[in-house]
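Look at the chain below.

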Amino acid sequence: MHDHSMLAPGSPGPLQLLVVVAAVTIAGAYLAASSRLRRRGDLWSRTRDASFVAGSAIVAAATAPLPVPAFTGHMGVHLGAGMVAPVLLVLARPVTLALRTLQPGPARRALVAVAHSSPVAVLTAPPVAAVLDLGGLWLLYRTGLFAVMHHDPLLGAAVHLHVFATGVLFAYAICQVDPVRHRYGLGSRALVLFLAGTAHAILAKSLYASPPPGHEVATPDLQAGALLMYYGGDLVEVVLAVVPAAEWYRRTGRDRARNIRRNAAEGPHVPPGTGADATPSGRRRAGTPGR
């Protein structure tokens with residue numbers, strides 16, 4: 001059985017170890033920052049802690065060989081490291097956590113500058129992120145790249161790193177739960193998500209019919225992997241659709257409650273000239289008692 005970890009078959013052990021160490025270190029840094037925030041009395045959901053740890057664990061686990069057929073195992077890694085883990089990491093709001101824990105100074109200003117920079121704004125624009133993510137997958141599975149990466153460990157590692165990074169960009173662009181330079185509306189993000197989901201589903205169906213060029217796959221293995229890609233991708237895309245919709249619902253509810261409180265504080269508004277004792281001109285008739 002081939003090694004169908006996040007790194008290509010035959011990858012040297014140090015590369016796999018590096019991914020695991022990086023995932024554990026980053027998760028530890030996140031937990032330390034959230035604990036620091038709570039110690040000073042600020043609120044930070046433990047659900048976000050769990051989300052970030054789970055995302056990091058999936059990335060680390062993606063480096064291990066899987067006891068499943070070759071292509072199906074690869075597709076499980078694709079879903080885990082390229083779709084599920086990015087969503088979990090983004091929902092943990094790591095940029096917001098960093099901004100709240102960093103003291104005012106060069107490091108915090110640098111993070112703000114990067115988050116609001118033009119390159120980041122372009123990369124996290126929903127259409128651009130979708131093209132980078134889905135375009136990379138089409139290039140991987142519908143060209144000879146998939147076959148070549150299985151014979152070149154470094155190329156395989158680079159491909160999987162690209163899949164993970166663009167998955168994070170896409171989740172970040174659709175959810176927009178962390179600070180962004182330009183906040184896109186719910187409608188535009190929903191449209192991009194629908195088109196990206198359609199492209200992902202078409203790619204999965206094409207793989208069900210024929211394997212990646214230059215790479216032989218047993219039919220049962222190919223079809224099982226394609227079905228995993230199809231239905232697993234649908235599930236992740238449903239989560240991505242719920243997140244911005246729920247955020248919009250909460251924001252609309254807060255705005256409505258704020259308007260109700262403001263109107264209650266100001267009291268009922270009576271336009272001039274509409275009092276019970278006023279004539280159509282707004283003046284009380286001479287000698288006529290008010291009603």
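On a 1 Å grid over the protein atoms alone, a cavity is a set of points where a 1.4 Å probe fits but cannot get out. A pocket is an open set with protein on both sides within 12 Å along at least five of seven lines. Lining residues have an atom within 4 Å of a point. Grid points are joined across faces, edges and corners, and a volume is the space filled by probe spheres set on the points.

This is a predicted model, where local features need pLDDT of at least 70, side-chain atom pairs count only at pLDDT 80 or more, and totals for chains, interfaces and linings use all residues. Residues are numbered from 1 along each chain as its sequence is written, and side-chain values use heavy atoms, with hydrogens and water left out.

**Confidence**

The predictor's confidence in each residue is called pLDDT, on a scale from 0 to 100. The protein chain has a mean pLDDT of 85, and 84% of its residues reach 70 or more. Residues 8-12 fall below 50; beyond near neighbours in sequence, this stretch has 12 contacts (heavy atoms within 4.5 Å) in the model. Where pLDDT is low, the predicted coordinates should not be read in detail.

**Cavities and pocket**

How many cavities of 30 Å³ or more does the structure hold? There are three. The largest cavity is lined by 18 residues; Gly82, Met83, Asp133, Phe170 and Leu240 lie nearest its centre. Helices here are DSSP runs (H or I, at least four residues), numbered from the N terminus. Helix 3 gives the most to the lining of the largest cavity.

The largest pocket has 31 lining residues, and the closest to its centre are Ile26, Leu89, Phe164, Ala165 and Val168. Helix 9 gives the most to this pocket's lining.

| Space | Volume | Top helix in the lining |
|---|---|---|
| Largest pocket | about 840 Å³ | helix 9, eight residues |
| Largest cavity | about 160 Å³ | helix 3, five residues |

**Cores**

A nonpolar core is a set of buried Ala, Val, Leu, Ile, Met, Phe, Trp, Tyr and Cys residues joined through side-chain atoms within 4.5 Å. Buried means under 20% relative accessible area (1.4 Å probe, protein chains only). The largest core has 39 residues. Phe71, Tyr141, Phe170, Leu207, Met229 and Leu240 have the most contacts inside it. Helix 9 gives the most to this core, with eight residues. A second, separate core has 13 residues, including Val19, Ala33, Leu37 and Leu89.

Take Phe71 in detail. Leaving aside neighbours within four places in sequence, Phe71 is in contact with residues including Phe146, Leu207, Pro212 and Val217.

**Annotated spans**

An unreviewed UniProt entry annotates several spans as "transmembrane region", including 120-141 and 228-249. Such annotations may be inferred rather than shown by experiment. Residues 120-141 are 91% helix, and their end C-alpha atoms are 27 Å apart. Residues 228-249 are 100% helix, with end C-alpha atoms 31 Å apart.

**Two loop residues**

Arg93 lies in the loop between helix 3 and helix 4. Its phi is near 55°, a positive value in a residue other than glycine. Gln176 sits in the loop between helix 9 and helix 10. The phi of Gln176 is near 50°, also positive. Is Gln176 buried or exposed? Gln176 is buried, because its relative accessible area is 4%.

Notes: Buried means under 20% relative accessible area, exposed over 50%, partly exposed in between (1.4 Å probe, protein chains only).
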